[in-house]
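This briefing sets out selected features of one protein model. Please keep the sequence and the structure in view while reading.

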Amino acid sequence: MSKMRRASRIITSSASNLRTFASPSFALPRNSFTTLIQTPQSQSLPGVLLKWGSLGSVRASSFASGFSPLKPKPLDSIIDIQRVKDRSPEDIASAWDDYHLGRGHIGASMKASLYRLLEHRAADCQYFVIPMWRGSGYVTMFAQVQMPHMIFTGLEDYKARGTQATPYFTMTYYNEFAQSKDMVLIRGDVVLPSKLSDSEAKWLLETTQTFYLNDVRYKLVERFNKQTHDFEFKDVLQTLDMPNL
């Protein structure tokens, strides 16, 4: 995604078009995963997690298969849609991106066609694991995807606490401008700053999307969800140019 211009060059005051943030994009308890996840239904957790001896045992019964209905913060409570509807996609994206900077939130955008591809692929493959480099090693993040939301927590926390694991980071996609502007706005909320910095959250957002949007990388996501016996975590490390520690 190309770097956006500063909003001040486009809109005299971002505050005139973007409303004040009163809360994250959806109500989220800080001590439980439970309200975001419903009991298992049609899709079970990939069996690959059960065979990861190197990552420790997984209490599969504690994992859930999908999200319960979320209550996202409406886009019109964040941005004055009427005041920006005549702006170019570049102007809107730049203001959106800059307004979130440094607030514990991540602002981004994507083409509507890419969102549709992401939505289609996520419907088939709702789970993935992303190693994130930190210090002299990496921590592994566990992602659940049910569009228009993504939610992340640490794999170790999820293995230990199941549905009681606290989310580290959540993402919401807003497609109100998909038809008129060919763009979808993305908002990420860092729930636990002690676990994830803003820069790490931004990297996680961008990297996770590449695994769903890049044809070669998506094969790993498919393997994780559908061909669990063939999935190798080292392939993800290699894709991200990380050493197999």
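Tyrosine 115 counts as buried because its relative accessibility is 4%, where buried means under 20% relative accessible area, exposed over 50% and partly exposed in between, with a 1.4 Å probe and protein chains only. The model is predicted: local features need pLDDT of at least 70 and side-chain atom pairs count only at pLDDT 80 or more, while totals for chains, interfaces and linings use all residues. Residues are numbered from 1 along each chain as its sequence is written, and side-chain values use heavy atoms, with hydrogens and water left out.

**Aromatic pairs**

- Rings of Phe, Tyr and Trp (its six-membered ring) pair if their centres lie within 6.5 Å; planes under 30 degrees apart count as stacked, over 60 as edge-to-face and the rest as tilted.
- By this rule there are twelve aromatic pairs.
- The rings of tyrosine 115 and tyrosine 173 have centres 5.7 Å apart and planes at 40°, so this pair is tilted.
- Tyrosine 115 belongs to helix H3 (residues 112-124) and tyrosine 173 to strand S7, 58 residues apart; helices (H or I, at least four residues) and strands (E, at least two) are DSSP runs, numbered from the N terminus.
- Tyrosine 173 is also buried, at 3% relative accessibility.
- Tyrosine 127 and phenylalanine 142 form a stacked pair, with 6.0 Å from centre to centre and 20° between the planes.
- Because tyrosine 127 lies in strand S4 (residues 127-134) and phenylalanine 142 in strand S5, this pair ties together parts that are 15 residues apart in sequence.
- Tyrosine 127 is buried at a relative accessible area of 0%, and phenylalanine 142 is buried at 1%.

**Nonpolar cores**

- A nonpolar core is a set of buried Ala, Val, Leu, Ile, Met, Phe, Trp, Tyr and Cys residues joined through side-chain atoms within 4.5 Å.
- The largest core has 49 residues, and those with the most contacts inside it are Phe128, Phe169, Tyr173 and Tyr212.
- Helix H6 (residues 198-213) supplies the largest share of this core, six residues.
- A second, separate core of eleven residues includes Ile79, Val84, Ala93 and Tyr174.

**Strand S6 and its partners**

- Strand S6 (residues 149-154) is largely enclosed by the rest of the structure, because six of its six residues are buried.
- Strand S5 (residues 137-146) pairs with S6 in the antiparallel sense over six bridges; two strands pair if DSSP finds at least two bridges between them.
- Alanine 143 stands opposite phenylalanine 152 in S6.
- S6 and S7 run antiparallel and are joined by four bridges.
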